[in-house]
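Visitor: Hi, I'm new to this one. Could you walk me through it?
Guide: Happy to, let's bring it up.

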Amino acid sequence: MSLKEKSKFLSLILRHKPQIVGIELDEHGWADVEELIRRVKNLDLATLEQIVATDNKQRYSFSADKKLIRANQGHSIPVDVELEELAPPEFLYHGTGEKFSASIKLQGLLKKSRLYVHLSSDVETAEKVGRRHGKPKIFLVESLKMFNDGYKFFRSVNGVWLTEHVPAKYLKESF
Ligand code: HQG
């Protein structure tokens with residue numbers, strides 16, 4: 001397995017399905033590093049360290065003593081990764097597939113299987129996220145207006161903006 005494949009597998013375990021390797025995450029999303037290494041074939045501490053240090057989206061963090069590891073965001077299982085709650089910039093962006101556009105214009109952005117709707121601080125990143133779903137479509141989110149109307153925003157330690165729901169009235173398609 002390449003490092004990238006190992007990183008993807010780690011994402012599956014730490015965000016979605018820890019049970020597939022027979023481990024549990026604690027309430028803050030942490031997995032025990034020793035146990036993880038014991039349960040996953042061809043995974044050692046050096047490899048984990050390399051993944052944490054080089055992952056292109058900084059998806060994972062160790063605890064200060066390196067005994068625990070977790071994903072910084074993107075979970076579908078209910079864990080509290082102690083996200084920073086703060087005021088967002090005036091605008092954020094959401095990249096999606098064009099095929100979802102009509103439904104999004106009606107319902108707004110829904111979190112679907114994840115704990116939050118994921119938003120990017122720049123168009124370029126949003127476009128990359130969108131391309132994962134085929135022909136990309138970018139929405140602009142009037143995030144500061146939402147915040148001023150009482151919606152909460154969080155930022156993960158790797159810089160992804162998160163919120164529970166973006167009603168359609170805060171979305172713009174051409175900007
Ligand atoms: C769409 C990756 C129809 C939504 C990325 C998205 C991100 C709707 C899809 C992170 C909808 C869910 C998350 C509605 C939302 N009708 N479709 N009303 N509301 N959707 O993968 O944001 O590489 O769960 O637009 O880079 O694509 O894994 O979310 O297209 O940061 O680290 O439902 O995952 O990061 O798809 O991606 P996803 P996402 P990693």
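**A first walk through the model**

Guide: Let's begin at Y93, which sits in strand β5, residues 92-97. Helices (H or I, at least four residues) and strands (E, at least two) are DSSP runs, numbered from the N terminus. This is a predicted model, where local features need pLDDT of at least 70, side-chain atom pairs count only at pLDDT 80 or more, and totals for chains, interfaces and linings use all residues. Residues are numbered from 1 along each chain as its sequence is written, and side-chain values use heavy atoms, with hydrogens and water left out.

Visitor: Okay! Is Y93 buried or exposed?
Guide: Y93 is buried, because its relative accessible area is 14%. Here buried means under 20% relative accessible area, exposed means over 50%, and partly exposed is in between (1.4 Å probe, protein chains only).

Visitor: Switching topic: which domains does the chain have?
Guide: The assignment gives domain 1 (3-71) and domain 2 (92-173). Such bounds come from an automatic or database domain assignment. The C-alpha centres of domain 1 and domain 2 are 27 Å apart.

Visitor: Now charges. How many salt bridges are there?
Guide: The count is twelve salt bridges. The rule asks for a side-chain nitrogen of Lys or Arg within 4 Å of a carboxyl oxygen of Asp or Glu.

Visitor: Why would such side chains pair?
Guide: Side chains of opposite charge can pair when their charged atoms come close.

Visitor: Which residue does R59 pair with?
Guide: R59 forms a salt bridge with D55, and their closest N and O atoms are 2.9 Å apart.

Visitor: Are those two buried or exposed?
Guide: R59 counts as buried at 17% relative accessibility. D55 is buried as well, at 9%.

Visitor: What does E173 pair with?
Guide: E173 meets K105 in a salt bridge, at 3.4 Å from N to O. E173 lies in the segment after β10 (171-172) and K105 in helix α4 (residues 101-107), so the pair ties together parts that are 68 residues apart in sequence. E173 is partly exposed, with a relative accessible area of 35%, and K105 is partly exposed at 42%.

Visitor: What about K111?
Guide: The side chain of K111 meets that of E164 in a salt bridge, again with N to O given, here 3.4 Å. This pair links distant parts of the chain: K111 is in the loop between α4 and β6 (117-119), while E164 is in the loop between β9 (161-163) and β10, 53 residues apart. Salt bridges that share partners also join K105, K137 and E173 into one network.

Visitor: How open are K111 and E164?
Guide: K111 is partly exposed, with a relative accessible area of 34%. E164 is partly exposed too, at 44%.

Visitor: Which residues form the positive surface patch?
Guide: The patch is formed by K4, K8, K57, K128 and R132. Patches are made of residues with over 30% relative accessible area and no salt bridge, with like charges joined within 9 Å and nonpolar side chains (Val, Leu, Ile, Met, Phe, Trp, Tyr) within 5 Å. Lys and Arg count as positive and Asp and Glu as negative, while His and the chain ends are not counted. Accessible areas come from the Shrake-Rupley method with a 1.4 Å probe, and the place of a charge is NZ of Lys, CZ of Arg, CG of Asp or CD of Glu.

Visitor: Where is K8?
Guide: K8 is in helix α1, residues 3-16. K8 counts as exposed, at 61% relative accessibility.

Visitor: Last one: what is phi like at N42 and Q58?
Guide: N42 has a positive phi of about 60 degrees although it is not a glycine. N42 is in the loop between α2 (33-39) and α3 (45-54), and N42 is exposed at 63%. Phi of Q58 is near 50 degrees, also a positive value in a residue other than glycine. Q58 is in the loop between α3 and β2 (60-62) and is partly exposed at 42%.
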